[in-house]
Amino acid sequence: MNDAPAIEATNLTRRFGALTAVDHVTMVVPRAQIYGFLGPNGSGKSTTIRMLCGLLEPSEGEARVLGLEVPRDAEALRTRIGYMTQRFSLYEDLTVRENLEFIGEVYSIPRRSRRERVDELLAQYELADRAGQYAGTMSGGQRQRLALAAAVLHRPELLFLDEPTSAVDPQSRRDFWESLFALCDAGTTILVSTHYMDEAERCHALAILDSGVLVATGSPRRLMDEIPETVVEIEGDDLRAARAVLDDVDAVASVAQLGTRLHALVEPGLDEPALRLRQHLAAAGVAARVERVAASLEDVFVSATRERRAP
Amino acid sequence: MISPLRAVAISPLRVLKISPLRVSAIANKEVRQLRRDRLTFGMIVGIPMLQMMLFGYAINTDVRHLRAAVADLAGTQRSRLLVADAEASQVVDVVRRVESAEQLEALLRAGEIHIGLFIPADFERRVQGAVRVPAQLLVDGSDPLVLQSARGLAALPVAGTPRRQAEIGDTFAVRAYYNPERRSEVQIIPGLIGVILTMTMVLFTAVAVVRERERGNLELLITTPVRTIELMIGKIVPYVAIGLVQVTLVLVVGSALFRVPIRGSLLDAYLAALAFIIASLSFGLLISTFARNQFQAAQMTIFFLLPSILLSGFMFPFDGMPRAAQIIAEALPLTHFVRLIRGVVLRGASLTEIGADFLPLAIFFAVTLSVALLRFRKRLD
Ligand SMILES: Nc1ncnc2c1ncn2[C@@H]1O[C@H](COP(=O)(O)OP(=O)(O)OP(=O)(O)O)[C@@H](O)[C@H]1O
Ligand SMILES: [Mg+2]
């Protein structure tokens with residue numbers, strides 16, 4: 001029983017009227033891993049998570065979570081999963097401690113161990129000196145630590161985190177991920193949605209969603225290694241001109257700007273891609289340094305979401 | 001060139017730095033939002049319509065068809081004619097015939113009748129002699145409109161007397177029970193408990209649930225092991241206590257400041273209030289499953305409150321309303337509470353006499369709570 005994957009979804013689909021928010025998603029999430037859900041706004045990350053928690057009825061397909069069928073066995077699942085909603089959903093007019101106490105009571109944790117657990121969490125998530133503060137007056141990062149503390153209070157086996165680090169500064173995000181790794185090491189399975197590449201890269205495995213469709217799955221390493229296109233990096237003074245030139249080259253599938261550089265995804269068939277692009281740029285009189293590079297996760301993302309847009 | 005008229009029209013806006021474009025931007029946005037809020041849009045029409053129907057059609061201050069009982073100890077042809085004339089006036093509907101004044105009083109106290117016609121055994125002699133008023137009207141004085149109608153009945157002529165009516169004077173002597181001084185506060189305050197409870201209890205629970213949905217708390221709450229019934233009971237319990245505090249407040253202030261007598265048992269009064277509070281709270285829960293935001297919850301409460309106040313007998317006697325309005329009133333918990341609380345507080349009735357009004361409250365509670373539970377599933381869709 002315990003060897004079963006944490007999540008198995010088969011053709012999970014959800015429609016809202018004419019819109020298909022989640023479109024036949026099939027995926028397996030192994031236990032004790034951090035599994036990332038990467039996708040742009042509106043790609044169906046929250047909707048998928050809600051179906052897996054038993055909050056939304058799938059229009060089609062099925063899902064087994066911790067060996068239980070949802071939404072049928074959703075009630076039995078409640079004590080074994082934790083869910084951190086995308087929007088802050090604790091009580092803003094209760095204090096930090098009151099919120100945690102409340103969650104502890106809702107999960108029927110006996111009084112004495114509840115107090116201990118709350119104190120432990122307050123210390124662990126650096127909320128101890130804010131225990132008496134109203135949740136509504138806390139900063140984004142503090143709220144998010146509180147929400148995580150509330151989600152793990154009953155020591156769930158499986159944790160759903162829906163964009164937990166939006167509105168959080170980079171340092172806090174790093175700290176937050178440290179806590180996630182600690183939970184994972186302790187055996188918790190974590191499904192986390194994000195649209196930050198650096199966060200996605202930390203996950204053991206990733207699923208990239210685009211318009212409700214699962215367009216790529218695998219470990220970040222494998223996804224980057226197995227990207228079908230060749231990635232060529234262009235560095236120069238006039239990136240705009242360079243871009244205009246590259247957009248007209250047939251073999252270039254897409255061009256994206258990453259900081260001060262351009263990344264061109266070149267169709268796999270082309271020989272010596274860097275040389276060819278260099279020639280195109282030189283012919284157009286654009287001075288640039290052109291070099292073939294290893295794919296980044298961003299390239300994987302562009303590649304994966306592109307294939308669906310322009311088949 | 002700017003025409004003088006235009007200059008005059010624009011200058012005050014200029015001085016106040018009001019931009020017509022910005023004002024109209026806000027007004028247009030408001031109209032759009034209003035149009036999309038179907039409930040509010042409906043209320044714009046619904047509330048005036050409801051008010052007009054209630055006041056124009058259901059409410060009638062010229063009260064007729066008051067339930068009455070007759071104790072005719074004389075049993076002569078003349079006395080029977082008098083009762084028939086009283087019925088023909090349509091002011092009273094005789095629903096019971098009894099043997100004594102005591103029985104009439106018992107029926108009054110139990111709230112079964114509003115008026116008792118007592119015709120003494122020496123009725124014929126009284127009609128002949130001018131010394132004493134021939135008959136008596138025993139009136140439930142806890143409702144001033146009833147009392148007023150009874151007074152109209154007092155001068156009903158006695159048929160076929162050799163003497164002129166002017167010599168006899170009034171045919172009936174009016175005896176007002178329960179509120180002999182006819183103070184309106186005595187009549188209003190017990191029922192007011194019910195109006196206050198309807199307002200607060202329904203609104204509080206409805207808003208308490210809708211607020212959680214609005215703020216996103218519900219999405220978290222429904223992923224926890226909390227069961228729907230636990231959530232609902234947990235929501236109701238604190239407000240039961242608040243409701244009982246309100247009852248106490250009105251009773252204490254009512255008797256201290258307004259000298260409202262509390263004739264029945266306090267325990268009975270609280271039992272009635274408790275039943276009513278629970279019925280109102282479960283209705284609040286039901287509203288919360290329909291309302292999408294707190295404003296809608298408040299509107300629905302008003303929509304429920306209006307007919308409750310106007311049809312329950314709190315403001316106008318139940319007997320005077322047309323049949324359709326009475327049927328609606330029977331479905332409203334306030335109607336039954338007003339009967340219970342007036343019976344206990346003003347008439348000193350015990351629950352064994354008037355307890356029948358608990359049943360509709362229990363049914364109302366069971367139905368609204370079941371529907372609320374069915375509608376409130378632990379899902380987001
Ligand atoms: N209750 C609903 N009714 C109608 N459409 C909905 C509903 N919930 C979600 N959608 C639509 O489904 C699609 C997927 O939404 P979802 O919230 O799952 O996206 P997401 O990946 O979580 O986006 P984000 O990164 O912005 O949170 C969107 O197009 C959204 O508009
Ligand atoms: Mg989302």
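Which helix of chain A does A:Thr305 lie in? A:Thr305 lies in α11, residues 297–309 of chain A, where helices are DSSP runs of H or I, at least four residues, and strands are runs of E, at least two, numbered from the N terminus.

Before I go on: this is a predicted model, where local features need pLDDT of at least 70, side-chain atom pairs count only at pLDDT 80 or more, and totals for chains, interfaces and linings use all residues. Residues are numbered from 1 along each chain, chains are lettered from A and ligands numbered from 1 as written, and side-chain values use heavy atoms, leaving out hydrogens and water.

Okay, so is A:Thr305 buried or exposed? It counts as buried, because its relative accessibility is 7% (buried means under 20%, exposed over 50%, partly exposed in between, with a 1.4 Å probe and protein chains only). Leaving aside residues up to four places away in sequence, A:Thr305 touches A:Ile208 and A:Asp210, with contact meaning heavy atoms within 4.5 Å. A polar atom of the A:Thr305 side chain also sits 2.8 Å from the backbone oxygen of A:Phe301.

Now, over to ligand 1. It's surrounded by 14 residues, and the closest are A:Lys45, A:Ser46, A:Thr47, A:Gln86 and A:Glu163 (the cut-off is a heavy atom within 4 Å). Helix α1 of chain A gives the most to that shell, with 3 residues. An oxygen atom of ligand 1 is 2.7 Å from a side-chain N or O atom of A:Lys45, and one is 3.0 Å from a polar backbone atom of A:Gly44.

Notes. Polar contact = N/O pair within 3.5 Å; in protein donor to acceptor, adjacent residues only side chain to side chain.
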